[in-house]
Amino acid sequence: MSPTRDTVLQALSTVRDAAGSSDVVAADRVRALNVEGGTVRFILEMPADVAAQAEPVRKAAEEAVKALDGVETVSVLLTAHSAQPGGAVKTPPPSLKVGRHPTPQAGPQPVAGVKRIIAIASGKGGVGKSTVSSNLAVALAAEGKRVGLLDADVYGPSQPRMLGVSGRPASPDGKIILPLRAHGVTVMSIGFMLKEEEAVVWRGPMLMGALQQFLGQVQWGELDVLLVDLPPGTGDVQLTLAQKADLTGAIVVSTPQDIALLDARKALDMFDKTKTPVLGMIENMSTFRCPKCGEETHIFGHGGARAEATKLDLPFLGEIPLNMEIRTAGDGGAPIVAARPDSAEAGVFRSIARRLIDGGLI
Ligand SMILES: Nc1ncnc2c1ncn2[C@@H]1O[C@H](COP(=O)(O)OP(=O)(O)OP(=O)(O)O)[C@@H](O)[C@H]1O
């Protein structure tokens, strides 16, 4: 039996908090809990004064969740103030003041200068959500749209790699954050704020606050659309964004297999609950054409996402093939739409972009 949010929280409520009397759930240390099949991920946010005792608590939390029925992998991230082996406190997070607690806000907030915010979501990891986000962003920019891309995939921000952009965004006044640009797209990623080795350390603290700040404090400029590359799944981060950002809608990416579609349905359900319109579904890794003989194979099946979209009366936006060059281009820092704009594969992304524009969605 797969674990649920509730069983995980129940297990965590047996773990004593570093500060003393209560458990980690009651002490409100658990952030961004994400349960996906047998994989459980969450963050333990510890205040600085108990940082030295944080690691044993993290271990205990990991053990408690691991002991649950159906749990295969547990990933627990600690806050910025986590303890080094030997008890020293690690270097504080980057000086840019990003990553505070969320500031209370009444409801969904618009982002200054941004006409539309569209979330790119998937119920399951690894289905190509980031690949779709980066290519779609570049394709929309090629159509003359002013496009921003916010990489909110806190568990593994991949846009710096996919767009070949790195470096730290400047913050001249310590408040406004200046985003970076790549392939005609304005980009901000939580990955820009981390050094490789600091990733786990910085991710934890005040994650929601960081995302909220990325929406509110990044100087996006005038944009026709801001695409938000969400983390996979339907956990706290996705929910927070769906509730706090004034989303125009969401696009759900899925591979064709039943299991991926099952998860895609959960994402659709989440958007239904948060009253976020679903603008359409995209099937990725839809078909594979042998580069030698040209024969087409449906490695993960075919047509599942289209059938699901039809069943739910949602627009089906397109099928993206499983293709080596899509992978090498993306993993090499230039999405295929930028690297080989005239290729058939780039054409698929461009026609999805045009469909969104023609449909008046962007
Ligand atoms: N259509 C495709 N053809 C070939 N490779 C692909 C395709 N789509 C994605 N990939 C590759 O699959 C891997 C996972 O893709 P990607 O990072 O876009 O998925 P994701 O859903 O964003 O994953 P995560 O859960 O890590 O956020 C990457 O190496 C990417 O290059």
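Glycine 126 counts as exposed because it has 12 C-beta neighbours inside 10 Å, where a residue is exposed if 12 or fewer other C-beta atoms lie within 10 Å of its own, buried if 20 or more do, and partly exposed in between, with C-beta atoms placed from the backbone. This is a predicted model, in which local features need pLDDT of at least 70 and side-chain atom pairs count only at pLDDT 80 or more, while totals for chains, interfaces and linings use all residues. Residues are numbered from 1 along each chain as its sequence is written.

Glycine 126 sits in the loop between E4 and H3, and glycine 125 lies in the loop between strand E4 (117-121) and H3; helices (H or I, at least four residues) and strands (E, at least two) are DSSP runs, numbered from the N terminus. Glycine 125 counts as partly exposed because 18 C-beta neighbours lie inside 10 Å. Leaving aside residues up to four places away in sequence, glycine 125 touches Glu36 and Pro232, contact being C-beta atoms, placed from the backbone, within 7 Å.

Around the ligand there are 21 residues, and the closest are Gly125, Gly128, Ser130, Thr131 and Arg327; a residue belongs here if its C-beta atom, placed from the backbone, lies within 6 Å of the molecule. Helix H3 (129-142) and helix H10 (324-331) each supply at least two residues of this shell, and H10 gives the most, with four residues.

Notes:
Contact = placed C-beta atoms within 7 Å.
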